[in-house]
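Subject: Structure for your review

Dear colleague,

Please find below the structure I promised to hand over, together with its sequence.

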Amino acid sequence: MDNGKRTKVIVSMIGLDGHTVGGEVVAGILRDAGMEVVFLGIYQTPEMIVQTAIQEDVDAIAISSHASNYNQIEELINLLRENNMGDIPVLCGGTIPKQQIPRLKAKGVAEVVTPGNTSEVIVNCVISKVKSTVGRES
Amino acid sequence: MKRETDYGQPIKAVYTPKDIEDLDYEKDLGDPGSYPYTRGYYRDGYRSRIWTQRMTAGLGSSTDTNKVLKKYREMGQRGGICVICDRAAAMPIDSDHPIGRKEAGILGWPGSSLLEFEELMDGIPLTGHSITLLGSSACSALRLAYLVVLAEKRGVNLQEVHGSITEYPFANYFGQTDGQPLEINLKLLLDAVEYIIRNKIRMRTGVLSQHFQESGGNNAQALAVEMAMLDELCGLLVNERGLDFDDVALFPYELVSVGTRFFEEIAKIRALRRMWAKLAKEKFNAKTEKACHLLVAVHTSGRTMTYQQPLNNIVRCAIQTLAGAIAGCTAIDNACFDNAHAEPSPLAARMSLNTQHIVADETGVTDVVDPLAGSYFVEYLTSRVEEEAYKIWSGIEALGGMSAALKAGYIQNMLKESMQKRHREMESEERLIVGVNERVIPPEEDFEIPIQEVQEHDSENIARRMEEWKQTRNVSLIRETLSRLHSDAKKGSRYNLMPSIVEAVRSYATAGEIMGVIRQAYGLSYDPLNMIECPFELD
């Protein structure tokens with residue numbers, strides 16, 4: 001992270017979820033914080049997101065989720081691991097019910113950010129997860 | 001705290017007759033039942049007809065949703081039913097599609113075939129209450145065909161069915177996405193509306209500002225976008241389809257998103273009635289009074305429902321319901337207190353319907369029509385939001401209307417700026433939201449509410465059922481109806497596809513199959529997600 005490269009993050013919806021507002025706001029917040037954002041938009045499959053992650057060499061993947069397409073988030077994490085990219089943290093944000101949070105974390109989601117958090121919390125969350133995976137590698 | 005309207009106009013501490021000195025009662029307001037209908041369409045208001053008190057249903061299988069509809073009736077749903085389809089049916093793709101099967105029954109009813117509609121409506125009459133189906137524009141023509149065929153099977157006169165099962169073609173840009181290009185959505189919607197008008201069916205089409213506003217648009221923008229959409233669609237139906245405006249005027253209904261800016265929400269709806277009446281009369285030369293009435297339904301805002309301290313949302317919902325009722329509307333459906341977490345639990349649904357009943361039966365709001373008329377502040381706000389909306393609408397017109405403004409990215413940019421402004425205002429605490437940026441409590445002290453969830457195996461069961469059922473169909477008949485649809489779809493944009501869609505639906509072709517062959521006729525891939533091929537050899 002201290003080699004001068006800007007933190008690069010994918011922000012994406014997954015599956016058929018068409019609710020883009022949260023994702024767009026978060027993309028703006030991360031850009032304002034100096035990160036490079038690859039905004040993928042709607043109708044992204046786990047395969048498509050992993051492809052982009054490879055091509056763009058990203059540091060983190062942020063999935064904006066509106067209700068219950070969690071199986072595809074799990075598929076995304078498994079696919080990253082199969083491609084030896086398990087060290088890229090996957091973060092989720094959106095209207096995610098409280099009891100779903102431990103389930104998502106157990107499946108390998110690095111952090112779940114619920115609605116109403118400040119820009120500062122969101123930015124710090126991405127930075128800390130990227131750093132902690134870098135730390136694990138070294 | 002900011003003292004300005006949600007569209008950025010300063011608000012003073014006191015309003016006096018000076019603030020409305022330009023207002024002419026007869027010209028700008030009129031009695032209820034008189035042009036320009038600012039005060040409503042009926043002299044007796046809710047005394048002659050109470051608003052439809054409904055809850056949107058749709059989760060899990062069609063049979064599950066049917067049970068929920070029956071339960072809502074027990075809970076006091078009055079006047080109509082409202083069902084939203086799942087994400088796969090919205091596209092539309094089928095429940096057994098590789099992606100569809102992962103999301104079948106999520107956020108709605110899996111309405112990808114006539115079979116599902118028959119199960120949804122089992123034991124529920126088609127007449128005597130309004131039937132509203134929501135979900136996306138793309139499957140509008142299909143839903144109409146479901147209704148046509150089911151009415152025929154039940155021996156019900158289609159002209160006695162009322163409600164709304166078709167939707168405007170622009171929602172793709174406002175968060176309610178489907179997999180189809182605007183060109184196809186627009187063409188199919190015009191076909192469906194023409195079919196409805198020519199067959200004298202009393203079904204309306206949702207031309208909704210709700211999605212735009214729920215995506216972050218402000219009150220003035222929502223009015224402008226609504227008017228631009230209505231203007232463009234009416235123009236096409238009159239000029240391209242050769243329909244009479246007085247018939248066309250009965251095609252839309254508007255679902256207004258009502259948020260927490262109490263007086264502004266009321267002003268917005270009053271201004272909307274006036275703006276439509278003027279458009280109908282001055283631009284389209286409406287001859288009938290009815291053509292100057294835009295049916296207005298209210299959706300209390302999901303965007304204002306907070307994740308934190310969800311019980312606070314009951315209060316927000318009550319304030320919004322009261323605003324909708326005071327403004328005057330034909331139907332209300334509420335976002336529930338669990339809206340930021342999941343689909344409505346039975347408890348949340350009951351609370352929403354009870355909220356409507358309390359407002360309707362206990363507050364006295366139904367006794368008097370347009371009770372805030374003449375308030376210096378409310379009349380000022382009504383004129384102000386109208387004025388702002390006309391300015392924004394002119395900007396859209398200058399680009400060539402709604403479709404052109406969308407193609408130019410103008411509306412999307414306006415929405416994006418507005419949504420970012422809202423976020424900034426929340427973050428800087430210029431706008432306060434209890435439980436979010438004020439009176440925040442630690443998460444462990446937050447209220448526990450029941451959560452309604454669809455499990456992975458529920459979606460898979462819906463998908464498997466569709467897979468197995470598809471094998472039992474008369475495949476040669478389906479191939480025949482789809483081939484006809486495919487060749488009709490190549491006959492140009494004015495050739496009405498409704499008759500061949502009805503035949504395809506009757507043969508139990510699915511939504512994915514029907515939309516797939518239409519897409520092919522337009523030179524697109526069968527599957528909007530490019531994962532499957534057409535399973536039929538078309539003639």
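In chain B of this predicted model, the C-alpha centres of domain 1 and domain 2 lie 25 Å apart; according to the domain assignment, domain 1 of chain B covers 47–363 and domain 2 of chain B covers 456–521. Where the two meet, 36 residues of domain 1 of chain B and 24 residues of domain 2 of chain B take part in the contact. On the side of domain 1 of chain B that touches domain 2 of chain B, at least two residues each are supplied by helix 4 (114–120), helix 5 (140–154) and helix 6 (182–198) of chain B, and helix 6 of chain B gives the most, with seven residues. By residue class, that side of domain 1 of chain B divides into 20 nonpolar, seven polar and nine charged residues.

Chain B as a whole contains 19 helices and nine strands. The nine strands of its open sheet run in the order 1-9-8-7-6-5-4-3-2, with parallel pairing. Strand 1 (52–54) and strand 2 (56–57) of chain B are the edge strands, and because each has a single partner strand, one side of each is left without a neighbour in the sheet.

Helix 11 (residues 312–327) of chain B, for its part, packs against strand 7 (252–258), strand 8 (295–300) and strand 9 (331–333) of chain B, with a direction that makes about 170° with that of strand 8 of chain B.

As to overall dimensions, the C-alpha atoms of chain B fill a box of roughly 75 × 60 × 45 Å along the principal axes. The radius of gyration of chain B is 23 Å, which agrees with the value near 24 Å that a compact globule of 539 residues would have.

Turning to chain A, its secondary structure comes to five helices and five strands, which follow one another along the sequence in the pattern β-α-β-α-β-α-β-α-β-α. The five strands of an open sheet in chain A take the order 2-1-3-4-5, with parallel pairing. Its edge strands, each of which pairs on one side only, are strand 2 (36–41) and strand 5 (111–113) of chain A, and the twist from one strand to the next averages 20°. Inside the sheet, strand 3 (residues 60–66) and strand 4 (residues 90–95) of chain A pair in the parallel sense over six bridges, and A:Ser64 stands opposite A:Gly93 in strand 4 of chain A.

The C-alpha atoms of chain A fill a box of roughly 40 × 35 × 25 Å along the principal axes. With 138 residues, a compact globule would have a radius of gyration near 14 Å, and the 14 Å of chain A agrees with this.

That leaves the question of how the two chains meet. Helix 1 (residues 21–32) of chain A and helix 15 (residues 410–427) of chain B pack with their axes 10 Å apart and at an angle of about 70°, which means that helix 1 of chain A is roughly perpendicular to helix 15 of chain B. The contact is made on one side by A:Val21, A:Glu24, A:Val25 and A:Gly28 of helix 1 of chain A, and on the other by B:Lys416, B:Met419, B:Gln420 and B:His423 of helix 15 of chain B. These residues divide into three nonpolar, three polar and two charged.

With best regards

Key. Residues numbered from 1 in each chain as written. Chains lettered and ligands numbered in written order. Predicted model: local features only at pLDDT ≥ 70, side-chain atom pairs only at ≥ 80, totals over all residues. Axes fitted to C-alpha atoms, helices over the stretch in contact; angles between N-to-C directions. Helix = DSSP H or I, 4+ residues; strand = E, 2+ residues; numbered from the N terminus. Parallel < 35°, antiparallel > 145°, perpendicular 65-115°, else oblique. Contact = placed C-beta atoms within 7 Å. Nonpolar A, V, L, I, M, F, W, Y, C, P; charged D, E, K, R; others polar. Pairing = 2+ DSSP bridges. Domains from an automatic or database assignment. Rg over C-alpha atoms; globule rule 2.2 N^0.38 Å.
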